[in-house]
Amino acid sequence: MRHILSLLLENEAGALSRVSGLFSARAYNIESLTVAPTEDPTISRMTVVTSGSDQIVEQIGKQLNKLVDVIKVVDLNEYRHIERELMLIKLTAQKEDRDEAKRMVEIFRGRIIDVTENTYTIEMTGTGEKLDAFIEALDDSMILEVVRSGVSGISRGDKAIQS
Amino acid sequence: MAKKKEILRGAEIFCRALEDEGIKHLFGYPGGAVLHIYDALYKQDAIEHILVRHEQGATHAADGYARATGKPGVVLVTSGPGATNAVTGIATAFMDSIPLVVFTGQVATHMIGNDAFQEVDSIGITRPCVKHNFLVKDVKDLAATIKKAFYVATSGRPGPVVVDIPKDITADSCEYEYPQEVEMRSYRPVVKGHPGQIKKAAKLLLSAKKPMIYSGGGVLLSEASTELTEFSRLLGYPITNTLMGLGAFPATDKQFVGMLGMHGTYEANMGMHHCDVLIAIGARFDDRVTGDLEKFCPYAKIIQIDVDPSSIAKNVPVDVPIVGDVKHVLTDLISTLKNEKDKPDANALKEWWNQINEWKALDCLKFDRTTDVIKPQYVVEKLWELTKGDAFVTSDVGQHQMWAAQFYPFDKPRRWINSGGLGTMGFGLPAAMGVKLAYPDETVACISGEASLVMCIQELSTCLQYNTPIKILSLNNRYMGMVRQWQEFFYSSRYSHSYMEALPDFVKMAESYGHVGMRIEKSSDVEGAIKEALALKDRTVLMDFVTDQTENVYPMIAAGKGHHEMHLSSDVDRELA
Ligand SMILES: Cc1ncc(C[n+]2csc(CCOP(=O)(O)OP(=O)(O)O)c2C)c(N)n1
């Protein structure tokens, strides 16, 4: 099963490689991994999307917790949560294609953020599934470049995951 | 009284911090990146520096020292090759959760990343085999980092910590203050076990009809031998130890059923297979212990105590997990058991012991005592007799290691010192040296094989220089015996590259290093030789025992087999028929 793990870790050089090294050394799956500092610059938030049996995901959580730089590990699957991913995508959009491209962007609630004579660059957020659906809906030959951020997640409601 | 703070250079801070940490011995080898530190060491006398002959030797010696004393072992090596040579020893300590603090020199901060002379990414190379590592980027952080390194290495589940110090940091100076305490928001090891879980464990233990206690190295690391012994005696249940846990419960006690696992006793492994309640204490269900997981303890409910949550239910599902330090949890478990109305089921226990004693009667460790060819088991047994079971014994890796574990029953903790997890040949000799430095008045023996022994033989020089008179018993079968055994069993006796050709003359070798060498070729000479060696109290002695080349280690559980599917030696099979 797919799990979204949310981590707080010391914003130290090397903390990221400890986490990624753990996943490769123990042959755990990693679908995506994002990391950036939080409101407290000494702490980073990392979101890792992984998959495995319950037993394996439990081990992943324990192994992450064991890393000396890791402050907290939460499996967002155990909470009601929201997940989002950002995609930047560059399309060829020449005269006759431009309207069609624009309509698709509207349907998927994206935004055109850069325009040239031949291209549109689009920004879109949503679940991974939605972004996949957008890519599928496009004609393959239109796509010049896709840049995805990987998943970020947060729990719903009053509860906050803090250090 | 507010003391005025001194301004010190990084190299001096290094020495002072070790002194303030209470460190007496530092195992090291110099080089460019650590020359400021070596200069500072020259000017002080609080810490004795032990100059090894290879950095692997430094880590193993510090490791042996740590295993014997419970205190952290400390190592100093230079950058580049110094650091890479230390890696085997760091990984060895990591696999067995031994507290080491290893300082590696590094090229100057502004050179890092430039492929400078003797630069290697020590932090990257050691990351997968340390508990944690630190790169010091500012001399102002040096003292606090050293404090943290010792704290992390020795607390919770212990392990090696590397501190990488660039050369310029050792030249820079700042005010010196050694922190009294450490607080790390991201590292807070659990100590006490959950009372509810302990209560559940007590109830389950008392409901058992065929209980087994299975304890490992965690008991020794937690200094909980007394508690383990009290706990086992209180219940009267059979107890087995892992290779790493030997000595935590007195091996000559009648409740002890021997080591378990691949080369464990028949009674220990059969007991595991048939038990209905198993309590694992500071043991991690290693594959050499469990055999095939599908066949592991098929009838048992399992309780597991471990300080490391990730060790619990990693390989085997557990019914009652208890996270906590073994010593604390056992203390609480003992008092909970004493307060329970129920007592162990005496009738069931009697039957269970009858069964176990029947298994024991098979005498699975029996070997041929009639030949004049030296049987390796006999050498170990004699050493045990002649040292009254009270020596510190280190070993290398192979058949001799298993025979040492089987034929030298340890009654006290921290006397059996071997590389269980990584299985590092070359460990025994430097480890013995480290033990002898810690306990100069104790007998320290190293049981080795002729292949393992030469892997760190250069440390014989260190033994001479620092006067660490150890007794080396090399069980010389002219084979990498354990490899040969597997080739005999699983590769139709095709002995591919496992024969030790062109061996040195070990007697002359010992002598050339300034020690005593002996060659023993007949069974009848074994006792006399060991006596003579032990009598040479202030000399390191290398005993080269020419042993039976064909001897195998039994019992043995082959890969993919369960505890109840052991190979037994032909001497024992005959009895069964
Ligand atoms: C550094 C290292 N290399 C290889 C091995 C694999 N290995 C395990 S036991 C063994 C043979 C050891 O031979 P010896 O020291 O003579 O001991 P014996 O088995 O004959 O008692 C080998 C090569 C190892 N454990 N460690």
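Mentor: We go from the chain contact to the pocket, the cavities and the core. Keep in mind that this is a predicted model.

Trainee: How many residues of chain A are in contact with chain B?
Mentor: 17 residues of chain A are in contact with 17 residues of chain B. The area buried between the two chains is about 1,400 Å². Carbon and sulfur atoms give 45% of that area. On the chain A side, Arg18(A), Lys62(A) and Val68(A) lose the most area to chain B. Together they account for 43% of what that side buries.

Trainee: What is the volume of the second largest pocket?
Mentor: About 1,300 Å³. Of its 42 lining residues, the closest to the centre are Gln63(A), Lys66(A), Leu67(A), Asp308(B) and Ser310(B).

Trainee: Which element gives the most to that lining?
Mentor: Helix 2 of chain A, with five residues. Helix 1 (15–25) and strand 4 (70–75) of chain A each supply at least two residues, as does helix 4 (81–95) of chain B. By class, the lining of this pocket divides into 16 nonpolar, twelve polar and 14 charged residues.

Trainee: And enclosed space? What shows where it is left?
Mentor: Rolling a probe the size of a water molecule over the atoms shows where empty space is left. Here the count comes to two cavities of 30 Å³ or more.
Mentor: The largest cavity holds about 70 Å³. Among its 14 lining residues, Leu365(B), Lys366(B), Gln377(B), Asn552(B) and Tyr554(B) are the closest to its centre. Helix 16 (residues 399–407) of chain B has the largest share of the lining, three residues.

Trainee: Which residues line the second largest cavity?
Mentor: Arg9(B), Ala11(B), Glu12(B), His36(B), Asp39(B), Ala40(B) and Lys43(B). Its space is about 50 Å³. The lining has two nonpolar, one polar and four charged residues.

Trainee: Is His263(B) buried or exposed?
Mentor: His263(B) counts as buried because its relative accessibility is 4%, and the cut-off for buried is under 20%. His263(B) sits in the loop between strand 11 (256–259) and helix 11 (266–274) of chain B. Beyond its sequence neighbours within four places, its contacts include Met402(B), Gln485(B) and Pro555(B).

Trainee: Last, the core. Which members of the largest nonpolar core touch the most other members?
Mentor: Of its 100 residues, Phe231(B), Leu278(B), Ile281(B), Leu333(B) and Phe545(B) do. A second, separate core has 44 residues, including Ala58(B) and Leu542(B).

Notes
Residues are numbered from 1 along each chain as its sequence is written. Chains are lettered from A and ligands numbered from 1 in the order in which they are written. This is a predicted model: local features need pLDDT of at least 70, side-chain atom pairs count only at pLDDT 80 or more; totals for chains, interfaces and linings use all residues. Side-chain values use heavy atoms; hydrogens and water are left out. A nonpolar core is a set of buried Ala, Val, Leu, Ile, Met, Phe, Trp, Tyr and Cys residues joined through side-chain atoms within 4.5 Å. Buried means under 20% relative accessible area, exposed over 50%, partly exposed in between (1.4 Å probe, protein chains only). On a 1 Å grid over the protein atoms alone, a cavity is a set of points where a 1.4 Å probe fits but cannot get out, and a pocket is an open set with protein on both sides within 12 Å along at least five of seven lines; lining residues have an atom within 4 Å of a point. Grid points are joined across faces, edges and corners, and a volume is the space filled by probe spheres set on the points. Helices (H or I, at least four residues) and strands (E, at least two) are DSSP runs, numbered from the N terminus. Ala, Val, Leu, Ile, Met, Phe, Trp, Tyr, Cys and Pro count as nonpolar, Asp, Glu, Lys and Arg as charged, and the others, Gly among them, as polar. Contact means heavy atoms within 4.5 Å. Buried area is the accessible area (1.4 Å probe) that two parts lose on being put together, summed over both.
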